[in-house]
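Keep the structure open as you read.

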Amino acid sequence: MTADPFMLLGTAFHTPERGRLEVLEEHLFCVDAQGRIAEILAPGHPEYTATISDARRAGRLVKLGEGQFLLPGLVDLHIHAPQWPQMGKALDVPLEVWLRKYTFPLEARYADLDYARAVYADLVDNLLANGTTTALYFATVHVEASVALAETCLEKGQRALVGKVVMDDPEQCPPFYRDADAASAVSDTRRFIEAVMSLNPGERPLVQPVITPRFIPSCTDAALQGLGELAEEFGCHVQTHCSESDWAKQFVEARFGQTDAASLDGFGLLTRHTILAHSNFIDGQDMDLIKEKGAGVAHCPLSNVYFANAVFPLREALDRHMHVGLGTDISGGYSPSLFDGCRNALSASRSLQSGVHAGLPAKERGAPGEPITHQEAFWLATAGGAEALDLPTGSFRVGHEFDALLIDTEASASNIHVNGADDTLDDVFQKIVLNAARANIATVWVGGRAVVGCS
């Protein structure tokens, strides 16, 4: 994908390392025709003034206005694309009931390709408008509809990783919605991978295929083994659910006599490019294994409130230097906004660390460690997620993709109030993380191309 080269002048915030905010005040970002950051010039650089003048004369300068700031694009590590019509409802039952009562019947409708295309177009438009420049999607069991999701992302310019879901176990999956058998599940996944790879071949594809066993309870051993072999053959990403709930954890341990993480590893599905959704019940050994393999966790704090019955041990995972990012988990999570994901992660972390049972003495209520900070929450939503996916995005570095958001704190209906006399730039960043909404996202770039708003 190519874009017109341009230069952007303004103040940017990013968290290139966990917990460290870097403010790039009045920097000049030079974006090349490939949509990558070619150069970042700070005030005082010997070529700063002349480069700005040249860009202005050429009509290629974008200058941020008063109250406007640049942020890296947001990276969502866990979305169920076909559940978009269900977002904001059907959250009244446990996970294992929710799947059969609401979710499987909905996902079965994607056999209708016209229905799939219409839903996916609306979904991608909405996620881009909410600032999600990179998305990791579960689709459905249907090859054609799953390819249609990849095509939609490519057409609309969203960086995406898309997976055809595998669920072939007749004891756990309904007859109206499952793969016919393990052999067809694996062969259809191969066909899907090859179809997506053919959409945008090259070294920097905007859309990539993902091997996607729904979770161990939905898959036979033969399917899991076959998918592991595909992962080794193609070297592409893998995504699945891991130790999400008491039921899921107990199911896997009863079946294999070991945890989700260890079981996935045994099938060759725990790799540097694996993302494990939820992982609320992983223990220290699991964490060591996940870190050793280089896999990552998609922390989904909002949906965990409804389906996990536990809080993911985020601080412990971060202290162990695991790869962790954020997921909205549409529709188990009812908000499409990763800014909301940051806030929910902050709330969950504070609840875990401080404790929730008022009947206990203060020292006995919480887990060890400190709650995460807003800088860490934003890192999870940007650079942390990008690092988990091993993608060059999520922060402003030379050579990285220019995936970015123009945040307008003075937009109509803004919840962000900035007082120039009292607020430092660090204060402004914190207010953006805690209060930014769709109304504040004026422009979204993916790979240097404006996909929302105009530059």
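The second largest cavity has a volume of about 50 Å³. On a 1 Å grid over the protein atoms alone, a cavity is a set of points where a 1.4 Å probe fits but cannot get out, and lining residues have an atom within 4 Å of a point. Grid points are joined across faces, edges and corners, and the volume is the space filled by probe spheres set on the points. Rolling a probe the size of a water molecule over the atoms shows where empty space is left.

This is a predicted model: local features need pLDDT of at least 70, side-chain atom pairs count only at pLDDT 80 or more, and totals for chains, interfaces and linings use all residues. Residues are numbered from 1 along each chain as its sequence is written, and side-chain values use heavy atoms, with hydrogens and water left out.

Which residues line the second largest cavity? They are Pro301, Leu302, Gly327, Thr328, Ser335, Ser337, Asp340, Gly341 and Asn344. Two elements, α10 (301-307) and α12 (338-354), each give two or more residues to this lining. Helices here are DSSP runs of H or I with at least four residues, strands are runs of E with at least two, and both are numbered from the N terminus. Helix α12 gives the most, with 3 residues. By class, the lining divides into 2 nonpolar, 6 polar and 1 charged. Ala, Val, Leu, Ile, Met, Phe, Trp, Tyr, Cys and Pro count as nonpolar, Asp, Glu, Lys and Arg as charged, and the others, Gly among them, as polar.

Stay with the loop between β13 (323-326) and α12, where Ser331 has its place. The peptide bond from Ile330 to Ser331 is cis, with omega near 5 degrees. Asp329 is found in that loop between β13 and α12 too. Asp329 has a positive phi of about 55 degrees, although it is not a glycine. Most residues other than glycine have a negative phi, and most peptide bonds are trans. Is Asp329 buried or exposed? At a relative accessible area of 4%, Asp329 is buried. Buried means under 20% relative accessible area, exposed over 50%, and partly exposed in between, with a 1.4 Å probe and protein chains only.

Asp390 also has a positive phi, of about 60 degrees, and is not a glycine. Look for Asp390 in the loop between α14 (374-389) and β14 (404-408). Asp390 counts as partly exposed because its relative accessibility is 46%.

Now for the other cavity. The count comes to 2 cavities of 30 Å³ or more. The largest cavity has a volume of about 120 Å³. Of the 13 residues that line it, His80, Leu95, Trp98, His241 and Glu244 are the closest to its centre. Helix α2 (residues 95-108) gives the most to this lining, with 3 residues. The lining of the largest cavity has 5 nonpolar, 5 polar and 3 charged residues.

Next, look at Trp247, in helix α7 (residues 246-256). Trp247 counts as partly exposed because its relative accessibility is 26%. Leaving aside residues up to four places away in sequence, Trp247 touches Glu96, Gln172, Phe215 and Pro217. Contact means heavy atoms within 4.5 Å.

Where is His142 found? His142 sits in the loop between β7 (132-138) and α4 (143-156). With a relative accessible area of 16%, His142 is buried. Beyond residues up to four places away in sequence, His142 touches Glu107, Ala108, Tyr110, Ala111 and Tyr177.

Helix α4 leads on to a helix pair. The axes of helix α3 (residues 113-129) and α4 come within 9 Å and cross at roughly 35 degrees. Axes are lines fitted to C-alpha atoms, for helices over the stretch in contact, and angles run from 0 to 180 degrees between N-to-C directions. Among the residues that meet are Leu113, Tyr120 and Leu128 in α3, and Ala145, Leu149 and Lys156 in α4. By class, the contact of α3 with α4 has 10 nonpolar, 1 polar and 5 charged residues.

Conventions: 1 Å grid on protein atoms, 1.4 Å probe; cavity = no way out; pocket = protein on both sides within 12 Å on 5 of 7 lines; lining within 4 Å.
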